[in-house]
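Subject: Handover of a structure, with notes on what was found

Dear colleague,

Please have the sequence and the model open side by side while you read.

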Amino acid sequence: MSIVWNDKGFQLNGTQFQLITNLHDLFALKDQEGLVLGKPRDLIETYLDLFSDFSAPRIFELGIFRGGSTAFFNELLRPEKLVAIDFMEDARPGFKNYLDTGANAASVRPYFQVDQADKQRLDEIYTSEFGSAPLDLVVDDASHMLEQTRISFNFLFPKLRPGGFYIIEDWSWAHVYDPGKIFDKNFGGQPPMSNLIIEIMLASAYHQRLIPELRIYPTYAIVRKGDAETGPGFDIAKQCFVRGTCVGGGDLFG
Ligand SMILES: C[S@@+](CC[C@H](N)C(=O)[O-])C[C@H]1O[C@@H](n2cnc3c(N)ncnc32)[C@H](O)[C@@H]1O
């Protein structure tokens, strides 16, 4: 792995990535200048640090958009297979070009027109791509909606190996300073995604062998899976209690 920072972002294994500094960049940056990666530099640095000695042959990513993150995880971790889903129609041009010409792109298996809340479709994709082999890493940067994100978590978290990471990006939209009401426009009156982060936090206290480590940053959260069995019908909302009373599954702010 060789990374070289430059004024647009960085080059990794010879592929140029452009970083965004605001939401507008995610749409406005031109493909010709490099793959558009919808993440700020501090998150990239967290990933470089987190994965410096982490082996991830099997990765599942939710939320492709312009393809920068998919190519980034693929180049950084060089997995045997990286499955990525999105409910967009098809790959955007810059990502198509990476898939066609990237030296390491053969390991990427993109699936479009897939809703992250469609558990049956996730199951079909997981089973056809991985059989029953455990995942090493899941990154969810898709809808940022509470229920959809929870459905994906309940399906994919149990698939992780002990020591694997589940990362949820952009959980804090309901709580950030938003004078332009940008998040309000995007998420309307939806229940805050922080409900899920709180459920995971409470579940880590209740069931420490299931979630031995949780790092919550202002905009993203990193969950490490422990060695506890999850069993069929796993539901994170049923793992969190206040003095013995289950408090998950709803909207704590409602
Ligand atoms: C923030 S963008 C992903 C950016 C990308 N991960 C990156 O860092 O470059 C979010 C993507 O999630 C997709 N998305 C939104 N809701 C979804 C859903 N329910 N299921 C699957 N994908 C969804 C959108 O189509 C969009 O492409």
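A pocket, as the word is used here, is found on a 1 Å grid over the protein atoms alone and is an open set of points with protein on both sides within 12 Å along at least five of seven lines, while its lining residues are those with an atom within 4 Å of a point. Its volume is the space filled by probe spheres set on the points, which are joined across faces, edges and corners. The model is predicted, with local features needing pLDDT of at least 70 and side-chain atom pairs counting only at pLDDT 80 or more, whereas totals for chains, interfaces and linings use all residues. Residues are numbered from 1 along each chain as its sequence is written, and side-chain values use heavy atoms, with hydrogens and water left out.

The pockets

The second largest pocket has a volume of about 240 Å³, and its lining includes K119, N154, F155 and D235. By class, this lining holds 4 nonpolar, 4 polar and 3 charged residues, where Ala, Val, Leu, Ile, Met, Phe, Trp, Tyr, Cys and Pro count as nonpolar, Asp, Glu, Lys and Arg as charged, and the others, Gly among them, as polar.

The largest pocket has a volume of about 1400 Å³, and of the 47 residues that line it, L23, L26, D141, H144 and D170 are the closest to its centre. Helix 1, helix 2 (41-50), helix 3 (68-77) and helix 7 (182-187) each give two or more residues to this lining, helices being DSSP runs of H or I with at least four residues, numbered from the N terminus. The largest share, 4 residues, comes from helix 7. The lining of the largest pocket has 24 nonpolar, 14 polar and 9 charged residues.

F72 lies in helix 3 and is buried, because its relative accessible area is 0%. F72 and I44 are 28 residues apart in sequence, yet 9.3 Å apart in space, C-alpha to C-alpha. Just after helix 3, R78 takes a positive phi of about 45°.

F27, by contrast, belongs to helix 1 (residues 23-28) and counts as exposed, because its relative accessible area is 57%.

With kind regards

Conventions. Buried means under 20% relative accessible area, exposed over 50%, partly exposed in between (1.4 Å probe, protein chains only). On a 1 Å grid over the protein atoms alone, a cavity is a set of points where a 1.4 Å probe fits but cannot get out, and a pocket is an open set with protein on both sides within 12 Å along at least five of seven lines; lining residues have an atom within 4 Å of a point.
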